[in-house]
Amino acid sequence: VEEKPQTAERRETETDKLARVPALAIGYRMPPARSPDALAGAVTGELLHNGQASLLYQALVKDKKVALSVNGGLNWPLGNPFEYNGPTLMTSFIVYPPNVTEDQVLAAYDSTVKDLAAKGPSQEELDRIVAKMRADLYAQLEIPINRASALSHAVLFTGSFDSVFTAPSDLAKVTPDQVRAFATKYLVSTNRTIINRVPAPASPGAGKPGGAQ
Amino acid sequence: VRFLKLVGIVMLFASCAFAQKQQTPLPKDLPPYGPEKPLEAPSVKIAKLDNGLTVWLVSKPGFPTLSYSVSVRGGLAADPSDRPGISELLSNTIDQGTKSRNAKKIAEDFQGAGGDLSANAEKDSIEVSTTVLAAKAEPAMAVLADILQNASFPDDEVALAKSNLADSLQQQEADPGFLASRAVANVLFGKNPYHVISPTKGSIAASTSADLRKIYAQRFRPDQAVFIAVGDFQNEKMLELVKSNFGAWKSPAESPIAETPRFTPDPPHAVFVVERPGSVQTTIEFAAPGPLRGDPDFESAVVANAIYGGTFGSRLTSNIREEKGYTYSPRTSVNTYRAAGALVSHADVRNAVTAATVNEITYELNRLVTTSPTPDELSQAKRFLVGIQAISLQSRASVARALAALWVKSLPPEEIGIYGKKVAATTADDVDSAAKKYFPASRAAIVAVGEASVVREALAPFGMPIQTAP
């Protein structure tokens, strides 16, 4: 399956009458798996999203206090950043407080992403995320059914299961400059779609919102 | 989360195939099943430090990772009555600063070891855990030990955590499953502190850094804690590492918080409605008192539950999902805490079949009480339970979690092996006894979350009192 490249940013807003807090999803088109950029993309996605030490968590939840939670990564939430074959996205999913605007969230988000594209990560930041990604990979492979799944996907997509075994050491080869270059090339507004999902305003006479106290 | 999802999907498919097989009789010449093969308990090295810290170590070579899990006694049920759920705020802030590390440094130190800290408030305990690269065993334990002994609960971090927790609570209150669980806990446990499953808007607003420091000092003490490690390490080296990181930890002079004494809930057989305006589905839960994990008939109740509603091939699932299509995935479970147990049935159904579903759940509960399992039902349930236990304990993290849950209940690690053997030995008579004791529908309170007028009208014909959930 191939898709035409995206050339302009798309933005949509949806309302949800049962939602209580708003959320934002930002998706960037990603390079094909096993292209030279893909591994740097996997690392970039985790640098931005993986855990409390991630760049977006630190910037959005902690420093600027414009988000409740940040999740995402390359091929998220479909699978890990290595197991895909057709077109996929790097998605950021951000739940934010009702008293914060979409634009405030996006401004903080863009500033983090642009900073990464301008400066790249430090070697120390890169070492930390590679340790985390290795531990995450081992945690996946530790479960026999997930190991079988990873091996079968590798054989299906590449004709060999070697990539499952080389992934932990391949990660260590990614350089700060590759991450910087990846962010510069792919994490740009023309390559993304943004969906803002907000609670529907309470209609008059609808009674108080549900929920026991 | 991805892993759980995958296991869930695999189980669903496995059990779909299972359910379909039941409909088509198997060929007569197939050999019989072999005997169940219950999981052996992991070999646990047990030690106690001079300061009273209990240590359970499971050396498990293989992938170069290890899991640490530390639990302390006292969770949501031990929260002060004017601060219900503050344990959750404590879990969210315990890693937000120590005397020597700020929140960012703590997060980075864990990430550099390949981990992430997870802290969870349960009813009876708070569990702090992480899984890291085996090569980083030392730095990971150093930061974990720092959090457990020196957490400082900085004012600015607590203020942010309070604000985010209040928003998360608001988000959870959109979820009918959360609303049902909260109402069930209130109905089942009443005034007992076990009714607390989360903080309230008011308790979050009232909580301060000083409250958190006080509770932390009360509960985070070595004589009320267990340190568990599972993974790629040698026991002797790990024990030395534990001693050097936790040996100086001191328990305060005052006595530990009081335990919740064992109690048996006695909920009214009545309907409790949680209003959720605009809901197109009703979430139905039946909740009755159940056994404790250490009770002699715990495993019998678990097998009975597997036959009733706890598996895909169960009577309830066959009935309201496969035959009638009322719901996509009903589920029932035997939940155990240190001082009480609960048998809970759950189904999300479209509004129009609310009454019919309550009727079928009532019927299946009472059918279990009045109708012995067939040999096939019994053997399938036992086979499923023995198999799923082995599947659920494949990861280091899950073994550590299971051991922690046993310690919290004052049960030994051997329980992991005892469980499977007792399940495999369960007879139809055992199931009948457990069914009569725990499963009569009249023992259950019913919680219904949905459009209030729909629920009230639908359930009126059952003749049970209908009231707004507490």
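Where is the place of P77(A) in chain A? P77(A) sits in the loop between β3 (69–74) and β4 (89–95) of chain A. Strands, like helices, are DSSP runs numbered from the N terminus, with at least two residues (E) for a strand and at least four (H or I) for a helix. The peptide bond that joins W76(A) and P77(A) is cis, with omega about 0°. Phi of K65(A) is positive, near 55°, and the residue is not glycine.

The model is predicted: local features need pLDDT of at least 70, side-chain atom pairs count only at pLDDT 80 or more, and totals for chains, interfaces and linings use all residues. Residues are numbered from 1 along each chain as its sequence is written, chains are lettered from A and ligands numbered from 1 in the order in which they are written, and side-chain values use heavy atoms, with hydrogens and water left out.

Chain A and chain B meet in an interface. Contact (heavy atoms within 4.5 Å) involves 42 residues from chain A and 39 residues from chain B. The two chains bury about 3,800 Å² between them, and 58% of this lies on carbon and sulfur atoms. Buried area is the accessible area (1.4 Å probe) that two parts lose on being put together, summed over both. In chain A, the residues that lose the most area to chain B are R20(A), R128(A) and E142(A), together 16% of what that side buries.

Between chain A and chain B there are 4 salt bridges. A salt bridge pairs a side-chain nitrogen of Lys or Arg with a carboxyl oxygen of Asp or Glu within 4 Å. K62(A) forms a salt bridge with E157(B), with the closest N and O atoms 3.1 Å apart. On the side of chain A that touches chain B, the elements giving two or more residues are α2 (55–63), α4 (123–141) and α5 (144–158) of chain A. The largest share, 8 residues, comes from α4(A). By class, that side has 22 nonpolar, 11 polar and 9 charged residues. Here Ala, Val, Leu, Ile, Met, Phe, Trp, Tyr, Cys and Pro count as nonpolar, Asp, Glu, Lys and Arg as charged, and the others, Gly among them, as polar.

Over all chains, the structure holds 38 salt bridges. In one of them, D211(B) pairs with R83(B), the closest N and O atoms being 2.8 Å apart. D211(B) lies in helix α8 (residues 209–219) and R83(B) in the loop between β3 (65–73) and α2 (86–93) of chain B, so the pair ties together parts that are 128 residues apart in sequence.

Helix packing was examined within chain B. Axes are lines fitted to C-alpha atoms, for helices over the stretch in contact, and angles run from 0 to 180 degrees between N-to-C directions. The axes of helix α4 (residues 137–150) and helix α9 (residues 235–246) of chain B come within 9 Å and cross at roughly 35°. The residues in this contact include M141(B) and L148(B) of α4(B) and L241(B) and F246(B) of α9(B). They divide into 9 nonpolar, 2 polar and 1 charged.

Helix α3 (residues 103–112) of chain B also packs with α4(B), at an angle of about 150° and with the axes 9 Å apart. I106(B), D109(B) and F110(B) of α3(B) touch A140(B), V143(B), L144(B) and I147(B) of α4(B). This contact has 6 nonpolar, no polar and 1 charged residues.
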